Amino acid sequence: MSAYQKYTVVRKTLESDLVVSIYLKPLDGGVLAPYRPGQHLQFRLTIPGQGVALFRNYSFSDVYRSSCYRVSVKKELPPRHRPDLPAGLGSSYFFDTLREGDVLEAKGPQGSFYLDPAADSPVVFFAGGIGITPLLSMVGSIALVNPRRRVYFIYGVNEKKDHSFRGELEQLRKAHPAFQFLIFYSVVGEGDREGVDFDHAGFIDMEVVLKRTGDPGMDMDHYICGPGVMMDSIKASLLRLGVEESRIHIEAFNAPPLERREEEEEAKELKPIERKKSTDKGKPVAAAVFVGFARSGKRIAWDPRYPSILAFAEDQGIDIPSGCLFGDCGTCQTKLQSGDVRYLHPTMVKPDAGTCLPCSCVPVNDVTLDA
């Protein structure tokens with residue numbers, strides 16, 4: 001079980017209009033655990049005005065350095081068609097509130113989305129928006145240990161103001177001729193220069209990519225991270241081209257798609273889950289719903305302020321392995337020994353019979369998990 005540790009924010013830098021990088025050192029001056037390129041930290045955030053802790057995963061966006069960690073976060077704005085929705089709570093805290101000298105709690109490194117930078121097989125990276133962060137760690141690590149490896153880095157952003165890490169990517173491009181980069185802008189603004197600011201207009205286009213990479217072949221690995229629609233589209237294209245599914249690696253980020261954010265806001269309007277019991281006078285009053293954790297030997301009254309059973313368990317010191325935190329990866333799938341749960345949004349992974357995804361559900365009645 002990985003324990004939460006405290007880190008001091010030693011530096012905060014702006015990478016684009018909505019992306020910041022946070023540099024962290026252990027508060028106690030201890031040694032930073034090494035991580036595999038592509039992994040992340042899970043943060044437990046205590047945000048003023050919030051009654052309970054908030055949990056978020058943010059990827060390392062740099063190669064491992066013993067001096068400090070770097071994670072990078074994009075402030076999630078409300079969708080244009082729903083300006084009434086709030087901006088992302090965790091990302092806004094990192095972007096707007098967090099200052100150098102502040103202390104954060106996180107555990108890890110963790111995550112199964114990573115590569116071996118020393119391997120020799122060619123690799124193609126597909127990054128969309130803030131999905132660049134784990135892939136930037138990967139390509140930087142390859143540059144350190146195996147700079148002659150054939151690498152293709154495909155990066156799509158909405159427009160120039162969203163183009164994060166421009167300087168770092170340009171340095172890699174110049175220093176490593178074996179690495180090829182393709183930058184796509186879906187919106188080209190006045191003054192944007194093709195071949196300088198970006199390489200192609202529009203969304204990531206597989207025909208354009210194939211002209212650069214050639215036949216994907218059976219020896220290439222493909223790593224994809226970005227919006228769900230982009231990842232699904234690229235994966236489908238690669239499968240049609242004959243790429244084995246085992247060579248396609250996808251990271252499901254923990255920022256929920258906009259439609260699920262809307263559903264979660266609607267779910268907050270539901271009445272808290274409760275049972276009724278009789279008092280001595282025969283009048284019904286609310287009775288607690290309990291969540292049991294069989295392996296941990298704990299049975300705790302459910303607190304409806306938590307957004308999921310996973311968040312509730314984490315704040316009680318009960319470790320359930322997790323990844324995306326939104327039901328897209330299946331890492332947290334846990335046996336449901338008894339009771340019923342309700343999901344607050346559709347999940348990409350459908351849990352097996354007799355199991356649940358604690359990251360995306362809350363109890364309907366007394367439940368017991370094999371955790």
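**Close-up views of a predicted model**

View 1. C356 counts as buried, at 0% relative accessibility. Buried means under 20% relative accessible area; exposed means over 50%, and partly exposed lies in between (1.4 Å probe, protein chains only). The closest cysteine sulfur to that of C356 is in C361, at 4.3 Å, which is too far for a bond. C359 is buried too, at 8% relative accessibility. Its sulfur lies 3.6 Å from the closest cysteine sulfur, in C332, again too far for a bond. A disulfide is a pair of cysteine sulfur atoms within 2.5 Å. By this rule there are 0 disulfides.

This is a predicted model, in which local features need pLDDT of at least 70 and side-chain atom pairs count only at pLDDT 80 or more, while totals for chains, interfaces and linings use all residues. Residues are numbered from 1 along each chain as its sequence is written, and side-chain values use heavy atoms, with hydrogens and water left out.

**View 2. The chain as a whole.** The chain has 7 helices and 21 strands. Helices (H or I, at least four residues) and strands (E, at least two) are DSSP runs, numbered from the N terminus. Of the 371 residues, 49% are buried. The chain exposes about 17,800 Å², and carbon and sulfur atoms supply 50% of that area. Accessible areas come from the Shrake-Rupley method with a 1.4 Å probe; for residues, only the protein chains shown count as cover. Contact means heavy atoms within 4.5 Å. Of the contacts between residues at least 6 apart in sequence, 65% join residues at least 24 apart.

**View 3. The largest nonpolar core.** This core has 30 residues. V291, F293, W302, F312 and L369 have the most contacts inside it. At least two core residues come from each of β15 (290–293), α7 (309–315), β20 (361–363) and β21 (367–369). Helix α7 gives the most, with 5 residues. A nonpolar core is a set of buried Ala, Val, Leu, Ile, Met, Phe, Trp, Tyr and Cys residues joined through side-chain atoms within 4.5 Å. W302 is in contact with V289, F290, V291, S308, I309, F312, V362 and P363, leaving aside neighbours within four places in sequence. Another core, of 26 residues, lies apart from the largest one. Its members include F113, V157, F179 and F181.

**View 4. An open five-strand sheet.** The 5 strands run in the order β16-β15-β21-β17-β19, with mixed pairing. Two strands pair if DSSP finds at least two bridges between them. β16 (298–301) and β19 (355–356) are the edge strands, each pairing on one side only. Strand β17 (residues 334–338) pairs with β21 in the antiparallel sense, over 2 bridges. S338 has T368 in β21 as its bridge partner.

**View 5. A143 in helix α2.** A143 sits in α2 (residues 132–145). It counts as buried, at 12% relative accessibility. Not counting residues up to four places away in sequence, A143 touches L172, H176 and F179. P117 is 26 residues from A143 along the chain; their C-alpha atoms are separated by 8.3 Å.

**View 6. The buried residues of helix α1.** In α1 (residues 89–97), the buried residues are G90, S91, S92, Y93, F94 and F95. They pack against β1 (5–16), β2 (19–26), β3 (40–45), β4 (54–59), β5 (69–74) and β6 (103–110).
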